[in-house]
Amino acid sequence: MSDLTFLADALEEIKERDLYRRLRPISGVQSPRVQMEGHEVILLSSNNYLGLADHPALRKAAIEALERYGCGAGASRSISGSMELHHALEERIARFKGCEAALLFNTGYMANIGLLTTLVEHGDLIISDEFNHASIVDGCRLARAEVSVYRHRAMDHLEAILQHSSHRRRLIVTDGVFSMEGAIAPLAEIRHLADRYQALVMVDDAHATGVLGEGGRGTAEHFGLAGQVEIQMGTLGKALGGFGAYVAGSKALIDYLINRCRTFMYTTALPPAIAAMALAALDIVEGEPQRRQRLWDNTAYFRQGLARMGFAVMGETPICPVLVGDNALTMEADRRLMARGVFVQGLRPPTVPPWGARLRAALMATHTREDLDKALEAFQSVGRELALIGEGR
Ligand SMILES: Cc1ncc(COP(=O)(O)O)c(C=O)c1O
């Protein structure tokens with residue numbers, strides 16, 4: 001056996017820098033209140049924005065699909081793993097997004113890596129927002145194209161990069177909703193610049209699907225640009241309550257991915273019950289707009305509550321980060337909130353920039369006012385104890 005003490009040394013260093021992570025198990029279902037280590041806590045850390053992760057319609061759809069189609073797909077989509085439920089879901093997603101076609105991926109991580117390593121080549125340029133998700137960053141690292149990073153949502157910087165590029169093809173990539181900032185990408189301006197400089201646009205709607213836009217169709221719909229973004233990806237595991245991901249766009253895009261995209265081609269297809277859950281989730285997203293309205297009402301209520309207390313609240317979406325700055329202080333706030341029955345994840349580098357440790361609260365449609373008031377009270381107490389806000393607030 002080889003000596004692995006170098007890992008123990010590296011872990012020690014991670015601990016010394018207050019960057020050590022451990023996994024915290026939740027018992028029971030994903031709901032606004034969950035059981036953790038024997039205590040009930042208010043869950044304010046989940047991307048289950050619409051509360052669909054435990055919805056009876058999704059459970060029923062999954063159970064029926066399990067009974068009818070069995071458990072696994074048994075092979076990749078390109079071989080014998082392509083089942084009728086996958087195709088039904090792809091057609092449904094294409095309609096939902098107002099695109100010609102869609103393709104399922106096993107995770108959003110794999111979709112982003114696959115897109116960025118497949119669509120651009122040597123001689124091309126990827127232009128990426130500095131706060132894009134890690135899966136986009138990793139896709140950029142693995143891509144053969146050159147990569148330029150523009151300052152977060154800075155359109156003058158994006159334009160300067162486009163102006164100086166003589167690359168064969170340019171691909172602008174952005175999160176629709178930034179997962180650690182809670183901010184929305186300025187997609188209308190990005191579209192405008194892309195048209196002006198003949199660039200393609202790719203939007204990651206992981207946190208926008210089911211959340212943004214009147215019909216919950218994502219960032220493009222929010223900006224009145226449905227069907228006008230060349231490459232849209234999103235996940236089925238956040239607001240849609242299940243698991244998996246999709247890419248939506250033109251028929252040519254999807255056909256090319258089926259033929260060339262390695263993270264689609266060389267992996268076992270999603271279990272059919274997963275597709276059934278997503279179909280049931282889309283019924284709810286389209287049929288129950290009041291659920292999305294509740295999410296946004298909760299978002300406004302919670303954000304206003306924190307801002308009134310004097311917290312440094314970031315962004316504008318159900319992702320509601322509170323900037324703390326220091327790693328140790330952030331994790332102390334995380335622990336004290338948990339001790340008061342509120343689970344808000346503290347985030348440290350490399351998930352956020354070195355100066356930007358923060359508490360990331362995330363709202364759900366299914367939080368009650370009582371949940372939110374209790375969480376706000378806990379924030380106020382912990383904020384005062386740790387001098388994150390003034391005493392008088
Ligand atoms: C912006 C963004 N893109 C992509 C992903 C990856 O999606 P998945 O969880 O399906 O791998 C995530 C988070 O998980 C995300 O926040």
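How many salt bridges does the rule give in this structure?

1. The count comes to 29 salt bridges. The rule asks for a side-chain nitrogen of Lys or Arg within 4 Å of a carboxyl oxygen of Asp or Glu.

2. Basis. This is a predicted model, in which local features need pLDDT of at least 70, side-chain atom pairs count only at pLDDT 80 or more, and totals for chains, interfaces and linings use all residues. Residues are numbered from 1 along each chain as its sequence is written, and side-chain values use heavy atoms, with hydrogens and water left out.

3. R59 and D54. Their side chains form a salt bridge at 2.3 Å, N to O. R59 is partly exposed at 43% relative accessible area. D54 is also partly exposed, at 25%. Buried means under 20% relative accessible area, exposed over 50%, and partly exposed in between (1.4 Å probe, protein chains only).

4. D138 and R141. This salt bridge spans 3.2 Å, N to O. Both residues lie in helix 5 (residues 134-142), three residues apart, about one turn of the helix. Helices are DSSP runs (H or I, at least four residues), numbered from the N terminus. D138 is buried at 18% relative accessibility, whereas R141 is exposed at 66%.

5. R196 and E159. Their closest N and O atoms are 3.2 Å apart, in a salt bridge. R196 lies in helix 7 (residues 187-196) and E159 in helix 6 (residues 155-163), so the pair ties together parts 37 residues apart in sequence. R196 is exposed at 51% relative accessibility; E159 is buried at 18%.

Definitions and conventions: Helix = DSSP H or I, 4+ residues; strand = E, 2+ residues; numbered from the N terminus.
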